[in-house]
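Welcome! Please take a look at the model below, and then we will walk through some of its charged side chains together.

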Amino acid sequence: MPEATPGPEGPQPLGVVVEATGNTEVDGVLVRLEDADALPTEDHIEVYEDVHRGLRDALTRLDDNRS
């Protein structure tokens with residue numbers, strides 16, 4: 001199967017816009033999504049995994065503070 005090639009314009013940024021949630025820790029994690037625009041598609045997974053890990057950690061700390 002031939003490898004897919006980008007159109008004449010090349011890859012285009014996703015234009016991810018992240019709105020503030022009001023939680024400083026969560027907002028700091030979500031801003032990492034903007035990095036995906038500067039990376040090739042095969043490197044997006046690293047960004048998504050970082051964000052997922054950061055959000056999971058933030059939620060865990062919120063739960064721990066409820067005790």
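Is E49 buried, partly exposed or exposed? E49 is partly exposed, at a relative accessible area of 44%; buried means under 20%, exposed over 50%, and partly exposed in between (1.4 Å probe, protein chains only).

## About the model

This is a predicted model, where local features need pLDDT of at least 70, side-chain atom pairs count only at pLDDT 80 or more, and totals for chains, interfaces and linings use all residues. Residues are numbered from 1 along each chain as its sequence is written, and side-chain values use heavy atoms, with hydrogens and water left out.

## A negative patch

E49 sits in helix 2 (residues 44-66); helices are DSSP runs (H or I, at least four residues), numbered from the N terminus. Together with E42, D43 and E46, E49 makes up a patch of negative charge on the surface. Such a patch takes residues with over 30% relative accessible area and no salt bridge, joining like charges within 9 Å.

## Salt bridges

There are 4 salt bridges, each a side-chain nitrogen of Lys or Arg within 4 Å of a carboxyl oxygen of Asp or Glu. One of them joins R61 and E25, with the closest N and O atoms 2.1 Å apart. R61 lies in helix 2 and E25 in helix 1 (residues 24-30), so this pair ties together parts that are 36 residues apart in sequence.

R32, D35, D50 and R53 are linked in a salt-bridge network. Within it, R32 meets D35 at 2.7 Å, N to O, and D50 at 2.6 Å between the closest N and O atoms. D50 belongs to helix 2 and R32 to the loop between helix 1 and helix 2, so that pair connects parts 18 residues apart in sequence.

Note on methods. Patch = residues over 30% accessible without salt bridge, like charges linked within 9 Å, V, L, I, M, F, W, Y side chains within 5 Å. Areas by Shrake-Rupley, 256 points an atom, 1.4 Å probe, with all protein chains shown as cover. Lys, Arg positive; Asp, Glu negative; His and termini not counted. Charge placed at Lys NZ, Arg CZ, Asp CG, Glu CD. Helix = DSSP H or I, 4+ residues; strand = E, 2+ residues; numbered from the N terminus.
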